[in-house]
Structures are given as structure tokens and as C-alpha cells.
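This report walks through one protein model, from its overall make-up to single side chains. Please keep the sequence and the 3D view open while reading.

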Amino acid sequence: MTAEPGRDARTAALRAARTKDSQLKRQQALTAVKALESAQTPVTAAAVASAAGVSTWLVYADGVREHLEAAQRRQAENAMAPEPTSPLDRPRATPASLRTDLAVARENIRQLREERDQLRRRLRLHLGAEIEGPERSELITRLADLETTCRQLAAERDARTAEANHAQRRIHELDDELTAARESLRRVIRNTNR
């Protein structure tokens with residue numbers, strides 16, 4: 001039995017969705033690395049994973065790990081620099097940096113909401129397909145029943161065909177007997193009339 005075209009399309013759509021989801025999560029992780037570094041919070045794998053809402057496995061994956069390590073190196077270099085002597089010398093968060101952090105947070109929230117809505121739609125479709133579609137075992141049973149019925153009908157058809165052939169032969173025999181009887185009757189009538 002060949003694979004159904006609908007199943008292949010669904011598989012391709014799921015793969016595309018997974019790829020898009022993976023790219024989105026990687027982007028969230030990179031954004032979290034930048035945000036932690038700009039907030040001068042220690043950039044660790046756990047902190048990035050928590051801030052981005054992704055697994056720590058993803059933080060250690062190629063493409064994200066390099067950014068994490070670079071941010072850690074920069075923080076280590078900055079830690080060796082002399083600290084400001086008084087609280088007044090420390091850089092304060094500017095309104096522009098706060099607006100940027102807020103914009104980043106809002107974008108992350110928007111992306112998370114979109115992802116949640118997509119997952120809900122996919123789950124709804126998947127559950128709907130499970131509810132509406134017949135089970136494989138049910139289909140196999142129905143197919144076996146149909147094959148049995150088909151064999152019974154074929155046997156009945158063959159029996160009726162044999163009966164019809166027998167009846168047709170009997171009709172020909174009776175027709176021949178009737179013709180012979182008529183001919184015999186004609187001869188008797190002719191002989192009687194003479």
C-alpha cells in the first residue's frame with residue numbers, strides 16, 4: 001500500500017513548522033544572551049534558557065553556544081576592568097535602554113503568543129483527525145467483511161447463471177418436443193382425413 005498524499009503533505013507541514021519553531025527558539029536564545037549581557041547579569045546557560053523560555057540543551061547547541069561563550073568572555077574582560085568607585089559613577093539605565101528592553105520583552109511576548117496559538121491550532125486539528133478518522137483495525141475489519149460479501153455475491157451470481165443456463169436448455173428441449181408433437185399430430189390428422 002502506498003503512502004497517502006495527504007499524509008505526506010501533513011508530514012511536510014509538521015517538519016516545516018518544527019524548523020520554524022527551532023529558528024524562533026534560537027532567535028529567542030540569542031536575544032536573551034544580548035539582554036542579559038546589556039543588563040550586566042551573569043550570562044550562564046541556565047539564565048539564558050530561563051530568560052528565553054527554551055531548554056538548556058538548545059543553549060549548548062551550535063549557533064547559540066558561540067554567542068553564549070562570547071558574551072561570557074566579554075563579561076570576564078569587563079570584570080577585570082576597575083569598578084567605579086562610587087554609585088554615582090556607575091552607568092544608569094537610560095530611558096532609551098529601558099524602552100529597548102521593553103520593546104524586546106513585548107516582541108518576545110508576541111512571538112510566544114503566536115507560537116501558543118499555532119500549537120493550539122495544530123493540537124485542535126490533530127485531535128479532530130483522531131476523533132473523526134476511523135481506526136486502522138476498524139478499517140481492516142470492514143474490508144474483510146466487504147471481501148466476504150463480495151465472494152458470497154459472486155457465488156450466488158454463478159449459481160443463478162447455472163440455473164438460467166439449465167432452464168434455457170430445458171426450454172429448447174420442450175420446444176423441440178412440442179414441435180415434434182405438432183408434426184406428429186398433423187400426420188395423424190392427414191392420415192385420418194384420407
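Helices (H or I, at least four residues) and strands (E, at least two) are DSSP runs, numbered from the N terminus. Gln28 lies in helix α1 by that rule. This is a predicted model: local features need pLDDT of at least 70, side-chain atom pairs count only at pLDDT 80 or more, and totals for chains, interfaces and linings use all residues. Residues are numbered from 1 along each chain as its sequence is written, and side-chain values use heavy atoms, with hydrogens and water left out.

**Overall make-up**

The protein chain has six helices and zero strands. Along the sequence the pattern is α-α-α-α-α-α. Of its 194 residues, 12% count as buried. Buried means under 20% relative accessible area, exposed over 50%, and partly exposed in between (1.4 Å probe, protein chains only). A contact means heavy atoms within 4.5 Å. Among contacts in the chain with a separation of 6 or more, 61% join residues 24 or more positions apart.

Gln28 is buried, at 4% relative accessible area. Setting aside neighbours within four places in sequence, Gln28 is in contact with Ala52, Val54, Asn108, Gln111, Leu112 and Glu115.

**The largest nonpolar core**

A nonpolar core is a set of buried Ala, Val, Leu, Ile, Met, Phe, Trp, Tyr and Cys residues joined through side-chain atoms within 4.5 Å. In soluble globular proteins, nonpolar side chains tend to be buried together. Here the largest core holds 16 residues, and the members touching the most others are Ala29, Val43, Val48, Val54, Val59 and Leu68. Helices α1, α2, α3 and α4 each give two or more residues to this core. The largest share, five residues, comes from α1. Which residues does Ala29 touch, not counting those up to four places away in sequence? They are Val48, Ala52, Val54 and Val64.

**Helix α4**

Helix α4 covers residues 65-80, 16 residues in total. From its first C-alpha to its last, α4 reaches 23 Å, close to the 22 Å expected at 1.5 Å a residue. The expected span is 1.5 Å times one less than the number of residues. The buried residues of α4 are Leu68, Ala70, Ala71 and Gln75. They lie on the same side of α4 because they cover an arc of only 165° around the axis. That arc is taken from the directions from the helix axis to the C-beta atoms. On the other side of α4, Arg73, Glu77 and Met80 are exposed. The cover over the buried residues of α4 includes α1 (5-38), α2 (45-52) and α3 (56-59).

**Gln75 in α4**

Gln75 sits in helix α4. Is Gln75 buried or exposed? Gln75 is buried, with a relative accessible area of 18%. A polar contact is a pair of N or O atoms within 3.5 Å; within protein, one must be able to donate a hydrogen and the other to accept it, and residues adjacent in sequence count only if both atoms are side-chain atoms. A polar atom of the Gln75 side chain lies 2.7 Å from the backbone oxygen of Thr41. The backbone nitrogen of Val43 lies 2.9 Å from a polar atom of the Gln75 side chain. Beyond neighbours within four places in sequence, Gln75 is in contact with Leu36, Glu37, Gln40, Thr41, Pro42 and Val43.

**Salt bridges**

A salt bridge is a side-chain nitrogen of Lys or Arg within 4 Å of a carboxyl oxygen of Asp or Glu. The structure holds 12 of them. Some are listed here.

| Salt bridge | Closest N to O distance |
|---|---|
| Glu114 and Arg110 | 2.3 Å |
| Glu183 and Arg186 | 3.3 Å |

Glu114 and Arg110 both lie in helix α5 (residues 95-132), four residues apart, about one turn of the helix. Glu114 is partly exposed at 39% relative accessibility, and Arg110 is partly exposed at 37%. Glu183 and Arg186 both lie in helix α6 (residues 136-193), three residues apart, again about one turn. An α-helix has 3.6 residues a turn, so residues three or four places apart point the same way. Glu183 is partly exposed at 30%, and Arg186 is partly exposed at 45%. Arg157 is exposed at 51%, while Asp158 is partly exposed at 43%. A network of salt bridges links Asp62, Arg65, Glu66 and Glu69.
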